[in-house]
Amino acid sequence: MAQKFGLGRGLADIKAEMGNIPDISILRGTDRVAVRQIPLVQIGVNPDQPRKTFDPAQLDDLASSIRAQGVLQPILLRAVVGRDYQYEIVAGERRYRASKMAGCNEIPALVKELTPENAMEIALIENVQRENLNPIEEGAAYKNIMDKCGYSLDDVSRLIGKSVSYIRNIMRLDALPDTVKDMVESGRISASHARTIAVAENPTELANEIIEKKLTVADTQARVHRTQRASGARAHRNDDTDNDEMWATLDKSARQFFDSDIKILRRRNGAGEIHIRFHSRREMEKIIEKLCS
């Protein structure tokens, strides 16, 4: 696995390189990096790009600006092999898409030698810092970089400057049904609402209720707590009404297995204790042997 956070101070350098002057060139040691005009047909999108949705109206506005003024800020690319294209976008996919809409044939770009891990780091940082991601995309991006780069929650926390609890809560949204994720992405329910119902048994029902009744986050939290208490009560009732024959069978099986006097004490919510009586040290040793085996 590539070294984590291989960017180091390079991220600040990259931000400086991606300034507003299209014809800049940067000298860093023996590595000369210059803005080049790259044909759009040679560029492909990054499959690990955190941002999956692009507002059509905003793209159209940017395309109009590009027609009038050109692309003022170069995009960041890395060379790739084994693909249908020569360069892959690390940062700037929105500018790339708008340039295609504007009818451009090429785009100003910086081409950097970057590992896939470093490219994912840059793409994630750029999108999170610019707040370009909706909560579903953000959670999926954290999960993706953890899965593909072997990063821990602490690693991602240090990388993006957000707390571990924040990252964990956002990633929790990945467990929501697709219908609820669509509601979050479209803005019909907030990320705070979504985090609240992510732990519920019926998130889709609660999401619809949030929209229909215009529930606040506090209202939703109270609703989830009531549902959980009701579920716990049902579970307790089910435990109390469990088949007595089943418990008798378990008790008999335990007695036969240990060949000892055994008493099973049932408590609330499925809890309980098992008491095993022995009459000699040898009998105790036999019971322990069976437990250990």
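Me: What separates arginine 158 and aspartate 155 along helix H6?
Reply: This is a predicted model, and side-chain atom pairs count only at pLDDT 80 or more. Arginine 158 and aspartate 155 both lie in helix H6 (residues 153–160). They are 3 residues apart, so the separation is about one helical turn.

Me: How far apart are the closest N and O atoms of arginine 158 and aspartate 155?
Reply: Side chains of opposite charge can pair when their charged atoms come close. A salt bridge needs nitrogen and oxygen within 4 Å. Arginine 158 and aspartate 155 form one, with the closest N and O atoms apart by 2.7 Å.

Me: Which strands hold arginine 78 and glutamate 88?
Reply: The side chains of arginine 78 and glutamate 88 meet in a salt bridge, at 3.4 Å from N to O. The pair links distant parts of the chain, 10 residues apart. Arginine 78 is in E4 (residues 75–79), and glutamate 88 is in E5 (residues 87–91). The strands are E4 and E5.

Me: Are arginine 78 and glutamate 88 buried or exposed?
Reply: The cut-off for buried is under 20% relative accessible area. Arginine 78 and glutamate 88 both fall in that class. Both are buried.

Me: Which residues are joined into one network with Glu205?
Reply: Salt bridges can share partners, and here they do. The structure holds 9 salt bridges. Those that share partners join Glu205 into one network with Glu209, Lys213 and Arg223.

Me: What is the phi of lysine 214?
Reply: Most residues other than glycine have a negative phi. Lysine 214 is not a glycine, yet its phi is positive. Lysine 214 lies in the loop between H10 and H11, and at 72% relative accessibility it counts as exposed. Its phi is about 55 degrees.

Me: How are H5 and H7 oriented to each other?
Reply: Helix H5 (residues 135–149) and helix H7 (residues 164–171) pack with their axes 8 Å apart. Their angle is about 110 degrees. Angles of 65 to 115 count as roughly perpendicular. H5 and H7 are therefore roughly perpendicular.

Me: How many residues of the contact of H5 with H7 are nonpolar?
Reply: On the H5 side are Pro135, Glu138, Gly139, Tyr142, Lys143 and Met146. They meet Tyr166, Ile167, Ile170 and Met171 in H7. Of the residues in this contact, 1 is polar, 2 are charged and the nonpolar ones number 7.

Me: How many disulfides does a search of the whole structure find?
Reply: A disulfide needs a pair of cysteine sulfur atoms within 2.5 Å. Cysteine 149 counts as buried, at 1% relative accessibility. Cysteine 104 counts as partly exposed, at 27%. The number of disulfides found is 0.

Me: What is the relative accessible area of serine 99?
Reply: Serine 99 is in helix H3 (residues 93–101). Beyond four places away in sequence, it touches Leu40, Ile66, Val71, Cys104 and Ile107. Serine 99 is buried, with a relative accessible area of 0%.

Me: What separates the C-alpha atoms of aspartate 251 and aspartate 261?
Reply: Aspartate 251 is in helix H12 (residues 244–258). Not counting residues up to four places away in sequence, aspartate 251 touches Ile262 and Ile264. Aspartate 261 is 10 residues from aspartate 251 along the chain, and their C-alpha atoms are separated by 10.0 Å.

Note on methods
Residues numbered from 1 in each chain as written. Predicted model: local features only at pLDDT ≥ 70, side-chain atom pairs only at ≥ 80, totals over all residues. Heavy atoms only, no water. Axes fitted to C-alpha atoms, helices over the stretch in contact; angles between N-to-C directions. Helix = DSSP H or I, 4+ residues; strand = E, 2+ residues; numbered from the N terminus. Parallel < 35°, antiparallel > 145°, perpendicular 65-115°, else oblique. Contact = heavy atoms within 4.5 Å. Nonpolar A, V, L, I, M, F, W, Y, C, P; charged D, E, K, R; others polar. Buried < 20%, exposed > 50% of the residue type's maximum accessible area, 1.4 Å probe, protein only.
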